[in-house]
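Subject: Structure for you to look at

Hi,

Here is the structure I promised to pass on. Please open it alongside this email and follow the residues as you read.

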Amino acid sequence: LQEKLDKALHNISGRGKITEINVAETVKEIRRALVDADVNYKVAKDLTKRVQDKALGENVLTSLTPGQLMTKIVHDELVDLMGGSQEGINLSGKPTVILIAGLQGSGKTTFSGKLANYLQTKRNKKPLLVACDVYRPAAIDQLKVLGGQINVPVFTEDGSTNPSTIAENAINFAKANNHDVVIVDTAGRLAIDEQMMNEIKSVHYFIKPQETLFVVDSMTGQDAVNTAKAFNDALNFDGVVLTKLDGDTRGGAALTIRSVVEKPIKFISTGEKMEALDLFYPERMADRILGMGDVVSLVERAQEQFDEEEAKKLHKKIAKNEFGFDDFLKQINQIKKMGNMKDLMGMIPGVGKAIKDVEISDDAFKHIEAIIYSMTPEERRRPSIINTQRKNRIAKGAGRKIEDINQLMKQFDQMGKMMKMMQGPQGKQMMQMMSK
Ligand code: GDP
Ligand code: MG
């Protein structure tokens, strides 16, 4: 969608002056791009009609920058279509009960973990996860693993076949153990069917959740909208979670769901890591669709992970030439905490498209870590003592070649130099330039 819209808007922005025919043409191309991206035809048609009226009304024709003005109009319409503003979740109730519904594979279990993590770390809650997928034992284990990663307990009942009872028992357990939020992960099926709908309806009826969230895979396009409709008819849910927005996804679902089921999108899931969850901001999504990149989210995530105390210590070390491999490891961990590298880079304007097909994985760090772990504490503190003999020993320990050690030493050296430079007057200048 992004590429096609880019093209449609590029046609118009390339021109100094445009005519009424150009506007009509551009609008038609935008509509085609939207429909191609699985936006419901009627929704696309209404949107582009409004864009056209506005474009002519605001007199794009005589504007000095018709392309920019046109982009702004499309942007504003997209924002409107996606609901205008961010809508949070309702955390009333003691405990707050949140029901997670959706098809199998949509990302419910992963999202349940992420939501628990979000509520625990950012909203100061004490969540309890509940495994209600009674059909697939593996699904229960999956939730247990996620719970373990984020230190959130998972309520399960071995051998039970009734999700409503499990959920009810879980709520009682939560009350007895001071959990203020209960997140109920449910079973899904590959397609909408009666049994699944009856089951989830019954769970919904029994536990009366404060918040019912419908999870949908953004890569399923137009189907996502049909699924949303079916679940909304059954549950009258409160919000939508769009998952897998890190993939080569079409924006269509995000654009249509809101206008078809009239429910807000509340979260977007952008990766498999527990931190890869963002609140949904229509503004940012519109920017992203129009190729501006989700810079604001990127900066926010980076800020969250950035520990100021650590940074101060690091500055001192660099100044005193005491930066060692332990610090290097810490840096790597910081980067890893920020979520999947590719997700992050994809948020930078212009980069998303360029790296679409490039494999970047956290595994890239594994070898580096293995090498550093094979060093003695002394070697990590004072890398300058690492001679050939020591290099050989480290290489053996890490199962790498001596060239790999040399390469890492070189990278480490360069990083040290760069960081020194960043602290000098030159670096300050550069940072100022970048922040502009
Ligand atoms: P469920 O059947 O609805 O519970 O779906 P799961 O949570 O088990 O997710 C199905 C698959 O999609 C798993 O392999 C997840 O790791 C993956 N997944 C879930 N959310 C995301 C996401 O936002 N991005 C990516 N890339 N993968 C995801
Ligand atoms: Mg699941």
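Below are my notes, from the overall fold to one helix and then the aromatic rings.

A word on conventions: this is a predicted model, so local features need pLDDT of at least 70 and side-chain atom pairs count only at pLDDT 80 or more, while totals for chains, interfaces and linings use all residues. Residues are numbered from 1 along each chain as its sequence is written, chains are lettered from A and ligands numbered from 1 in the order in which they are written, and side-chain values use heavy atoms, with hydrogens and water left out.

**The fold**

The protein has 21 helices and eight strands; helices (H or I, at least four residues) and strands (E, at least two) are DSSP runs, numbered from the N terminus. Of its 436 residues, 46% are buried, where buried means under 20% relative accessible area, exposed over 50% and partly exposed in between, with a 1.4 Å probe and protein chains only. Among contacts (heavy atoms within 4.5 Å) between residues at least 6 apart in sequence, 73% join residues at least 24 apart.

The eight strands of an open sheet run in the order β3-β2-β4-β1-β5-β6-β7-β8, with mixed pairing. Two strands pair if DSSP finds at least two bridges between them. At the edges are β3 and β8 (277–279), each pairing on one side only. Strand β1 (residues 96–101) runs parallel to β4, and five bridges join them. Look for L99, which stands opposite V184 in β4.

**Helix α6**

Helix α6 (residues 137–150) has 14 residues and spans 21 Å from first C-alpha to last, close to the 20 Å expected at 1.5 Å a residue (that is, 1.5 Å times one less than the number of residues). Which residues of α6 are buried? They are A139, I140, L143, L146, G147 and I150. Seen down the axis, these buried residues fall within an arc of 125°, so they line one face of α6; the arc is that of the directions from the helix axis to the C-beta atoms. An α-helix has 3.6 residues a turn, so residues three or four places apart point the same way.

The cover over the buried residues of α6 includes α5 (108–122), β2 (127–131), β3 (154–155) and β4 (181–185). On the other side of α6, P137, A138, V145, G148 and Q149 are exposed. Just after α6, N151 takes a positive phi of about 65°.

**Aromatic rings**

Rings of Phe, Tyr and Trp (its six-membered ring) pair if their centres lie within 6.5 Å; planes under 30 degrees apart count as stacked, over 60 as edge-to-face and the rest as tilted. By this rule there are ten aromatic pairs.

- F155 and F173 have ring centres 5.4 Å apart and planes at 55°, so the pair is tilted. F155 lies in β3 and F173 in α7 (residues 163–176), so the pair ties together parts 18 residues apart in sequence. F155 is buried at 11% relative accessible area, whereas F173 is partly exposed at 35%.
- F214 and F237 have ring centres 5.1 Å apart and planes at 10°, so the pair is stacked. Both are buried.
- F323, F325, F328 and F412 form one aromatic cluster.

Two lysines also sit over rings, meaning that NZ of Lys (or CZ of Arg) is within 6 Å of the ring centre and within 35 degrees of the ring normal. K208 lies over the face of Y205, at 4.0 Å from the ring centre, and the charged end of K263 is over the ring of F237, 5.3 Å from its centre.

Best wishes
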